[in-house]
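Good morning, and thank you for coming. Please look at the sequence and the structure while I speak.

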Amino acid sequence: MGYANVQYTILYDQYRDLSFQSFPFIGHPLQIDWISLPILHSFTNGFFSGIFWNLLEFNATQTILKMATDLMVPLAPVANLTDTHDVGFVIMSSFGHAYRLLKLPEYLQIVITAASSLSTRYSPEVRCIRSWDSKEGFLVIIDNMMNLELLFEASYQTNNQTWYNLAWQHANRTMYEHFRPDNSTYHVVEYNETDGTAIRKYTAQGYADWSTWSRGQAWAVHGFTIAYRYTKYQPFLDKAIGAANYFLSHLPSSTDSITYWDFDAPHNSTIAYQPRDTSAAAIFASGLVELSQYVTLEETKDYFLTNAKSIVDQLASPAYLILDNKDYILRAIIANGTQGPYPDKPYDLATVFGDYYLTQAVLRLSKL
């Protein structure tokens with residue numbers, strides 16, 4: 001966490017000099033500059049602030065509080081967006097975290113406004129929140145489970161039962177449509193917007209429609225864990241456990257169990273290299289720490305916690321930590337993230353979301 005503070009404080013200074021018009025997204029470790037995106041146009045833009053909120057909760061200082069706040073305030077207009085489901089990612093990793101720590105009513109108001117915006121994307125026929133706007137049909141991606149935290153939290157704070165119901169319906173429909181019998185996940189489900197039937201199940205970032213994209217599986221574990229946190233609905237917990245067990249049973253060797261970018265991507269004479277995805281590992285590890293606190297069997301709890309700690313230790317090892325490679329010059333925490341699908345999209349990258357969920361995992365472990 002000390003290293004994260006050093007790296008991201010330098011990044012904060014760099015982006016402050018640019019008036020916080022864009023935020024880091026992904027970066028090549030051998031290059032000095034991140035690929036940045038405008039602050040209103042990426043699911044990742046809350047994570048820059050969110051890393052500092054994680055650091056603040058770990059070891060509070062006025063300097064960290066100022067940086068977290070400075071990076072959060074420009075994101076307020078995101079709460080009014082109705083053309084994206086990513087409002088949940090952005091607002092909960094920034095204003096949501098800030099309100100939990102500081103209880104300032106103006107921060108809660110941003111959360112409430114964002115929940116109202118997100119709720120406009122719900123379809124009563126599909127019983128889900130639309131992910132991507134598309135002419136193809138009503139598209140829902142497994143990542144969208146993470147945005148439900150916004151609706152659940154706003155409902156809890158305001159007693160708005162409608163928002164709770166929307167989030168519950170989305171999780172319930174996803175539980176039946178996005179999972180295969182072995183608890184692996186489809187990335188995208190296309191629905192008929194008129195009658196709500198599922199038309200097609202496929203991938204946009206994984207290896208193949210039949211394969212399991214590892215970051216999508218991590219979103220499923222983390223997302224259903226959050227859904228159980230708010231609802232205490234046993235099938236959501238069971239699905240999170242099933243998805244977690246699938247993830248753990250498909251990891252590489254114990255000496256380096258950082259997942260590949262897709263669990264089914266082949267290694268053979270034609271495709272000799274498959275990249276890992278440290279962002280998937282970090283998302284999964286953080287979700288697994290929380291999930292371990294909800295399971296009733298001590299053996300399962302210990303199994304989940306042991307694996308979460310092992311993954312965090314490996315992410316912080318010389319194999320993946322930016323600090324331990326003398327050729328890396330990017331200001332980040334870990335390398336070897338993958339945007340997917342490989343090789344068409346960038347790989348062996350630093351990702352702001354990987355860094356965010358790693359610091360979240362460390363924070364959660366520090367509280368046990």
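I shall begin with the chain as a whole, then turn to the aromatic rings, and end with some backbone details.

First, the ground rules. This is a predicted model, in which local features need pLDDT of at least 70, side-chain atom pairs count only at pLDDT 80 or more, and totals for chains, interfaces and linings use all residues. Residues are numbered from 1 along each chain as its sequence is written, and side-chain values use heavy atoms, with hydrogens and water left out.

The protein chain contains 12 helices and 8 strands. Here helices (H or I, at least four residues) and strands (E, at least two) are DSSP runs, numbered from the N terminus. Along the principal axes, the C-alpha atoms fill a box of roughly 55 × 55 × 45 Å.

How does the radius of gyration agree with that of a compact globule? For 368 residues such a globule would have a value near 21 Å, and the protein chain has 19 Å, which agrees. The radius is taken over C-alpha atoms, and the globule rule is 2.2 Å times the number of residues to the power 0.38.

Of the 368 residues, 60% are buried. Buried means under 20% relative accessible area, exposed means over 50%, and partly exposed lies in between, with a 1.4 Å probe and protein chains only. Let us also consider contacts, meaning heavy atoms within 4.5 Å. Among contacts in the protein chain with a separation of 6 or more, 64% are between residues 24 or more positions apart.

We come to the aromatic rings. How many aromatic pairs does a search of the whole structure find? The search finds 36. Rings of Phe, Tyr and Trp (its six-membered ring) pair if their centres lie within 6.5 Å; planes under 30 degrees apart count as stacked, over 60 as edge-to-face and the rest as tilted.

Take F43 and W219: their ring centres are 6.4 Å apart and their planes stand at 85 degrees, so this pair is edge-to-face. F43 lies in the loop between β2 (35-38) and α2 (45-58), while W219 lies in helix α8 (residues 214-231), so the pair ties together parts that are 176 residues apart in sequence. Both residues are buried, F43 with a relative accessible area of 16% and W219 with 0%.

A further pair is F47 and F89, whose ring centres are 6.2 Å apart with planes at 80 degrees, so that pair is edge-to-face. It links distant parts of the chain, with F47 in helix α2 and F89 in helix α4 (residues 87-102), 42 residues apart. F47 is buried at 0% relative accessibility, and F89 is buried at 5%.

Finally, the backbone. Most residues other than glycine have a negative phi, and most peptide bonds are trans. Where do we find a cis peptide bond? One joins G340 and P341, with omega about -5 degrees, and another joins Y342 and P343, with omega about 5 degrees. P341 is placed in the loop between α11 (298-315) and β8 (350-351), and P343 is found in the loop between α11 and β8.

S19, which is not a glycine, has a positive phi of about 65 degrees. S19 sits in the loop between α1 (2-16) and β1 (22-27) and is partly exposed, at 48% relative accessible area. N159 has a positive phi near 60 degrees. This residue lies in the loop between α6 (148-158) and α7 (161-177); N159 is exposed, with a relative accessible area of 71%.
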